[in-house]
Amino acid sequence: MSTTTAPAPVWLSALRSGAAEELPQIAMPTFRGTPGWEFTEIPELDLDAFPAAQTVDPSLVGSAADDAPRVFDHLPEGTIRLTQVDHAVVPESAALRDPATNSAIVLPLEVAAAEHPDLVERYLGKIETARTPFTARNDRDWTGGFFVYVPRGVQLDAPVLLTLIQEQAGRSVAPRTLIVLEDGASAEVWSQTTSATPDLEALVNGVVEIHVGQNARLRFVDVQDLSEKSWIFGAQRATIERDGWMDWITLGLGSAKGKVFQETSLDGAGAHGRVTGGYATHGKQHLDFDTLQTHMAPNTTSDLAFRGVLAEKSSTVWRGMIKVDELGQQTDAFQESRNLLLGRKAHADNIPGLEIAANDVRCTHAAAIAQIDPEQLFYLRSRGLGLNMARRLVIEGFLAELVTRFEEGPVREALGEILQRRLDAVLI
């Protein structure tokens with residue numbers, strides 16, 4: 001399969017050229033001058049030093065896709081797969097493409113824009129995040145991409161797996177994902193972002209746009225496990241309509257340094273959004289998560305929980321904001337971030353916030369940063385456990401509260417396996 005089947009539609013060409021014209025006017029963020037970047041300094045980053053990955057024949061990327069490490073070891077039967085290596089989509093990896101049969105569409109986004117331009121134009125770029133050099137570059141540079149569309153009332157019985165593998169060193173990729181569930185639809189989408197080799201120095205600059213229609217249900221599992229010599233930047237936003245439901249799971253494991261913006265916007269009455277985040281860092285890794293729960297309608301609920309384990313000299317930032325519009329009466333929103341420091345030089349910053357314009361709401365937050373409780377270690381060691389095993393059990397118990405937010409099944413099993421493998425790496 002080629003990455004395109006027809007010339008790009010006029011509106012998409014205009015989007016790309018507009019971003020290219022806009023880029024020179026957008027300054028790089030600085031920790032002193034750009035709100036939200038106070039805890040993540042990137043003066044050493046030169047975006048121009050990471051040119052876009054070279055375009056290759058898709059028929060040549062199959063072996064790279066087969067050999068690259070994967071995040072998910074076990075997939076449910078019937079999983080629908082779409083894989084991209086750098087900017088090339090693996091041939092025959094898309095399984096669904098015909099909306100005439102009232103079935104879902106799973107295609108490279110660039111192909112979908114050519115084959116179904118009216119459908120893609122209706123949603124692409126309509127949920128704009130704060131404009132940065134990263135989002136503008138993504139508008140200009142994305143190639144291939146992922147498109148998942150589930151029509152009204154359709155339920156996908158098997159999950160969709162979207163895989164991005166970065167293979168070219170010294171290059172950047174700009175993945176673009178668009179997920180749309182029409183009213184009453186239901187789906188589960190898993191996404192994994194990895195590097196072809198553990199020492200790859202490169203940059204990933206992604207955008208994710210999600211639309212959940214009325215009474216629709218989406219579970220989105222997003223895991224990045226890039227080389228710990230790579231940069232990662234992301235802008236992710238979901239809108240949820242009346243009585244819609246979204247369960248969003250995000251795990252940050254790899255990369256050397258980066259920042260991801262993640263917004264859940266509850267736009268219709270009765271909408272519900274749950275976000276679960278986890279990370280386990282070591283060495284000198286620095287990960288920055290900037291989350292926003294926006295309540296734009298009455299009787300909406302959101303529940304966000306992040307947990308992190310930090311070893312050695314690694315550092316993390318979680319900045320969370322609950323924002324309630326004046327129309328968001330009877331909002332029920334909660335957010336928490338808890339971090340466990342395994343090294344004396346590990347550092348975590350938690351910055352929760354509330355911005356409320358309504359007068360009938362319940363909004364709460366919690367944040368904690370601590371080292372392993374010595375009394376817990378003492379108790380476990382008094383039962384005959386060695387120090388390393390005792391520490392391991394405490395850490396596993398701390399992260400288990402994330403995993404148990406999900407019912408028993410493939411997602412809980414997959415997340416448990418991922419976190420266990422990551423702890424093995426962090427605790428070496």
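**Strands and a cavity in a predicted model**

Student: Which residue in β15 does T264 stand opposite?
Tutor: In this predicted model, the two strands to look at are β13, residues 257–266, and β15, which run parallel and are joined by ten bridges. Within β15, the residue that T264 stands opposite is Q293.

Student: Is T331 buried or exposed?
Tutor: T331 is placed in strand β18, residues 331–341, and its contacts beyond four places in sequence include H295, V324 and D360. A residue counts as buried when its relative accessible area is under 20%. Because the relative accessibility of T331 is 2%, this residue counts as buried.

Student: How far from a polar atom of the side chain of T331 does the backbone oxygen of G328 lie?
Tutor: The pair to examine is the backbone oxygen of G328 and a polar atom of the T331 side chain. The distance between these two atoms is 2.6 Å.

Student: How many charged residues are in the lining of the largest cavity?
Tutor: The structure holds three cavities of 30 Å³ or more, and the largest cavity, with about 380 Å³ of space, is lined by 29 residues. Among the elements that give two or more residues to this lining are β13 and β15. By class, the lining has 14 nonpolar residues and eleven polar ones, while the number of charged residues is four.

Note on methods:
Residues numbered from 1 in each chain as written. Predicted model: local features only at pLDDT ≥ 70, side-chain atom pairs only at ≥ 80, totals over all residues. Heavy atoms only, no water. Helix = DSSP H or I, 4+ residues; strand = E, 2+ residues; numbered from the N terminus. Buried < 20%, exposed > 50% of the residue type's maximum accessible area, 1.4 Å probe, protein only. Polar contact = N/O pair within 3.5 Å; in protein donor to acceptor, adjacent residues only side chain to side chain. Contact = heavy atoms within 4.5 Å. Pairing = 2+ DSSP bridges. 1 Å grid on protein atoms, 1.4 Å probe; cavity = no way out; pocket = protein on both sides within 12 Å on 5 of 7 lines; lining within 4 Å. Points joined across faces, edges and corners; volume = space filled by probe spheres on them. Nonpolar A, V, L, I, M, F, W, Y, C, P; charged D, E, K, R; others polar.
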